Amino acid sequence: MLRSMKQKFGSKTTKGNSVPRDEPAPVQNNRQAVASTSGISGRAGSLSRNNSLPVREKIPQPPLDPTSAQQFYADTLPSFRDVPNSEKQSLFIKKLHLCAFTFDFTDQSKNVREKEVKRTTLLELADYINQKDGAKFTESVAEDVIFMLNNNLFRALPATKSHDQDNLDPDEEEPTLEPAWPHLQIVYEFLLRYVCANDTDAKVAKKYVDQSFVVRLLELFDSEDPRERDYLKTILHRIYGKFMVHRPFVRKAINNVFYRFVFETEHHNGIAELLEILGSIINGFALPLKDEHKSFLHKALMPLHKPKCVGLYHQQLAYCVTQFVDKEPSLAEPVLAQLLKFWPLTNSQKEVLFLGELEEILEMTQATEFAKIMVPLFKQIAKCLNSSHFQVAERSLFLWNNEYIVTLVAQHRQVILPVVFNALESNARSHWNPAVHGLTSNVKKVFQDMDLVLWRECEAHYQQEEAKQRSLREQRQKQWQQIEKKAAQRQAAMQHF
């Protein structure tokens, strides 16, 4: 009987094609199970239990305190090369637990051995998950993976420096680098590979990479270390692509970051990186655009023109805005109206940026949309033409170097030329900068070639207005002379008495 039981059960569990130890051994059938428990007793029953593979108990996550850290780092875990394949996932979990402990990098003399052991272990984990010899990120390890990531990444960021936003120069300002970057870089690389791995099932992983995880990831974008923000940008973009269920929430969470930045703090280090992600997301929007996406444009993106530090992220912002107009040209008129609403009054650097963005939007604007906004638009351009800051005047005159914009202006020259004529004449007569003089002459020639009759009409009207203003000035001067004369007579009379 014992020999027959060995032939039935023992041979199937001791040879190469054994059942994986992570899973319970399959039951052969009901009759064999009954025979093994009722027909065999004592030693035979014990042998049957020894030859079957038990269900592996889950390794508990350690408490992250100094005592546990000392215990965990007292013994060295073996390398993945030194254990059989059946033990590798168990070792994987133990190494994840080991790397969940964090150390103080502000003091380089503390925990030197532990820091090096952790760095080596992180590199070993990164190398292990890169090997293509089976699934690494199974459901059984997902919780331990997130446990390690949470304890390393989600931390309190150091207090940001108090910047003078008016005089902030990002090229001169040295960012504060993260002291724990030797560990964090490998952890970020591990997270990136976890998100991108083919064996990471989005349906399973979404229980761990949940909304709370996304929110905490977004909080890290305020890090001053550009290396960290660059990794975060790539990882959040990959999460958006893989976890489709999280897409609306990711967009909403980014909106909330923008709202807080614009209306509360006006300081955030990661706005440019978030806009880069959104630029790629907007590029993939299906047509026609949803009302949700249009609302995002008007309520979240356009108000980003308001802060004084817009220069730090304007390139990415302009790309996002032009993507919307490119996809749906009817948005050009409301976008230009909002741009005029946020137009700076005293900040010349912002004006130059706005003029550049204005040109990009006009290149995508259809004639019907242009006609709706051209009067207030060219009133603002006329103010820029007369700016005493030569870069603002120069950049506004460069608009006439764009052939498409000149075509739009030519179609509506009867309206536009009277709006800008006075500014052009004023520049030609009295602007202090020679380059602005030259560009103004070129623009005048463009209008004259366009419609000489209209130009002469505007010139005649300008001369009439100028004569009228001269007459008013002379009349005002005479009145002041009369007042001064009467005041002098009154003073003389008072002195006589």
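How many aromatic pairs does the count come to? The count comes to 23 aromatic pairs, where rings of Phe, Tyr and Trp (its six-membered ring) pair if their centres lie within 6.5 Å. Planes under 30 degrees apart count as stacked, over 60 as edge-to-face and the rest as tilted.

The model is predicted: local features need pLDDT of at least 70, side-chain atom pairs count only at pLDDT 80 or more, and totals for chains, interfaces and linings use all residues. Residues are numbered from 1 along each chain as its sequence is written, and side-chain values use heavy atoms, with hydrogens and water left out.

The protein chain has 23 helices and zero strands. Both element types are DSSP runs numbered from the N terminus (helices H or I, at least four residues; strands E, at least two). Of the 497 residues in the protein chain, 43% are buried. Buried means under 20% relative accessible area, exposed over 50%, and partly exposed in between (1.4 Å probe, protein chains only). The protein chain exposes about 27800 Å², and carbon and sulfur atoms supply 50% of this area. Accessible areas come from the Shrake-Rupley method with a 1.4 Å probe; for residues, only the protein chains shown count as cover. Contact means heavy atoms within 4.5 Å. Among contacts between residues at least 6 apart in sequence, 75% join residues at least 24 apart.

A pair of aromatic rings is described by the distance of the centres and the angle of the planes. The rings of Phe 261 and Tyr 313 have centres 5.8 Å apart and planes at 75°, so this pair is edge-to-face. Phe 261 lies in helix H12 (residues 247-265) and Tyr 313 in the loop between H14 and H15, so the pair ties together parts 52 residues apart in sequence. Both Phe 261 and Tyr 313 are buried. Phe 421 and Tyr 462 also form an edge-to-face pair, at 5.7 Å centre to centre and 65° between the planes. Phe 421 belongs to helix H21 (residues 413-430) and Tyr 462 to helix H23 (residues 452-496), so parts 41 residues apart in sequence are tied together. Phe 421 and Tyr 462 are buried. One aromatic cluster is formed by Phe 80, Phe 92, Tyr 128, Phe 137, Phe 190 and Tyr 194.

Helix H14 (residues 291-301) packs with helix H15 (residues 314-327) at about 145°, with the axes 11 Å apart. Axes are lines fitted to C-alpha atoms, for helices over the stretch in contact, and angles run from 0 to 180 degrees between N-to-C directions. From H14, His 293, Phe 296, Leu 297 and Leu 301 meet Leu 317, Cys 320 and Phe 324 of H15. By class, this contact has six nonpolar, one polar and no charged residues. Ala, Val, Leu, Ile, Met, Phe, Trp, Tyr, Cys and Pro count as nonpolar, Asp, Glu, Lys and Arg as charged, and the others, Gly among them, as polar.

Several loop residues were also examined. Phe 243 lies in the loop between helix H11 (226-242) and H12. At 2% relative accessibility, Phe 243 is buried. Its contacts include Val 195 and Lys 206. The peptide bond from Leu 287 to Pro 288 is cis, with omega near -5°. Pro 288 sits in the loop between helix H13 (271-283) and H14. Glu 266 is not a glycine, yet has a positive phi of about 55°. Glu 266 is in the loop between H12 and H13, and is partly exposed at 25% relative accessibility.

How values were computed:
Lists of a residue's contacts leave out its neighbours within four places in sequence.
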